[in-house]
Amino acid sequence: MWIGALELDLLLGDVHSLKGKRSVVRPILAELRRKFDVSAAEVSSLGLHRRSGIGVGLVAANRAHVVEVLDAAERLVAGRPEVELLSARRQLFTEQD
């Protein structure tokens, strides 16, 4: 069993309120969940309207699948024109960790 975690630090574009932030972040989370069958949530910078931290997690039988899905999730978010991906941090665990 392999467990993968991805933390994405985002700078949001033309957003001036928390309501505007929500309208940018929610569709990203929904697309990540729908396309990749992962857990995804906003996990940091909750009170800031131009920053967001998104966490993505998944469990799979092999390492290659975890890496493939996390790579694809990172590419999807990086390709969104309304956000700038500032950093991505990835961690992989096995049941022995």
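Analyst: Helices (DSSP runs of H or I, at least four residues) and strands (runs of E, at least two) are numbered from the N terminus, and two strands pair if DSSP finds at least two bridges between them. This is a predicted model, in which local features need pLDDT of at least 70 and side-chain atom pairs count only at pLDDT 80 or more, while totals for chains, interfaces and linings use all residues. Residues are numbered from 1 along each chain as its sequence is written, and side-chain values use heavy atoms, with hydrogens and water left out.

Start with the sheet. Four strands form an open sheet in the order β2-β3-β1-β4, and their pairing is antiparallel. At the edges are β2 (39-44) and β4 (83-94), each of which pairs on one side only. From one strand to the next the twist averages 20°.

Strand β3, residues 51-60, pairs on one side with β2, in the antiparallel sense and over five bridges. Within this pairing, Ala 40 is opposite Val 56 of β3, and Ser 44 is opposite Gly 53 of β3. The hairpin of β2 and β3 has six residues between its strands, and Ser 45 takes a positive phi near 55° there.

The next term is burial: a residue is buried if its relative accessible area is under 20%, exposed if over 50%, and partly exposed in between, with a 1.4 Å probe and protein chains only. Seven of the ten residues of β3 are buried, so the strand is largely enclosed by the rest of the structure. Leu 12, in strand β1, counts as buried because its relative accessibility is 1%. Contact here means heavy atoms within 4.5 Å. Apart from neighbours within four places in sequence, Leu 12 is in contact with Lys 21, Val 24, Val 25, His 49, Arg 50, Arg 51, Ser 52, Glu 82 and Val 83.

Now the helices. Helix α2 covers residues 63-78, 16 residues in total, and its first and last C-alpha atoms are 22 Å apart, close to the 22 Å expected at 1.5 Å a residue. That expected span is 1.5 Å times one less than the number of residues. Its buried residues are Val 66, Val 67, Val 69, Leu 70, Ala 72, Ala 73, Leu 76 and Val 77. They are covered by elements including β1, α1 (18-36), β3 and β4.

The axes of α1 and α2 come within 11 Å and cross at roughly 145°. Such axes are lines fitted to C-alpha atoms, for helices over the stretch in contact, and angles run from 0 to 180 degrees between N-to-C directions. From α1, the contact uses Ile 28, Glu 31, Leu 32, Lys 35 and Phe 36; from α2, Val 69, Ala 72, Ala 73, Leu 76 and Val 77.

Two residues of this contact can be followed further. Leu 76 of helix α2 is buried, at 13% relative accessibility. Beyond its neighbours within four places in sequence, Leu 76 is in contact with Glu 31, Leu 32, Lys 35 and Phe 36. Glu 31, in helix α1, is also counted as buried, at 18% relative accessibility. With residues up to four places away in sequence left out, Glu 31 touches Phe 36, Leu 76 and Arg 80.

Asp 37 is in the loop between α1 and β2, and at 70% relative accessibility it counts as exposed. Its phi is near 50°, a positive value in a residue other than glycine.

A nonpolar core is a set of buried Ala, Val, Leu, Ile, Met, Phe, Trp, Tyr and Cys residues joined through side-chain atoms within 4.5 Å. The largest one has 23 residues, and those with the most contacts inside it are Leu 32, Ile 54, Val 56 and Val 77. β1, α1, β3 and α2 each give it two or more residues, and α2 gives the most, with six. With neighbours within four places in sequence set aside, Val 56 is in contact with Gly 4, Ala 5, Leu 6, Leu 32, Val 38, Ser 39, Ala 40 and Leu 70.
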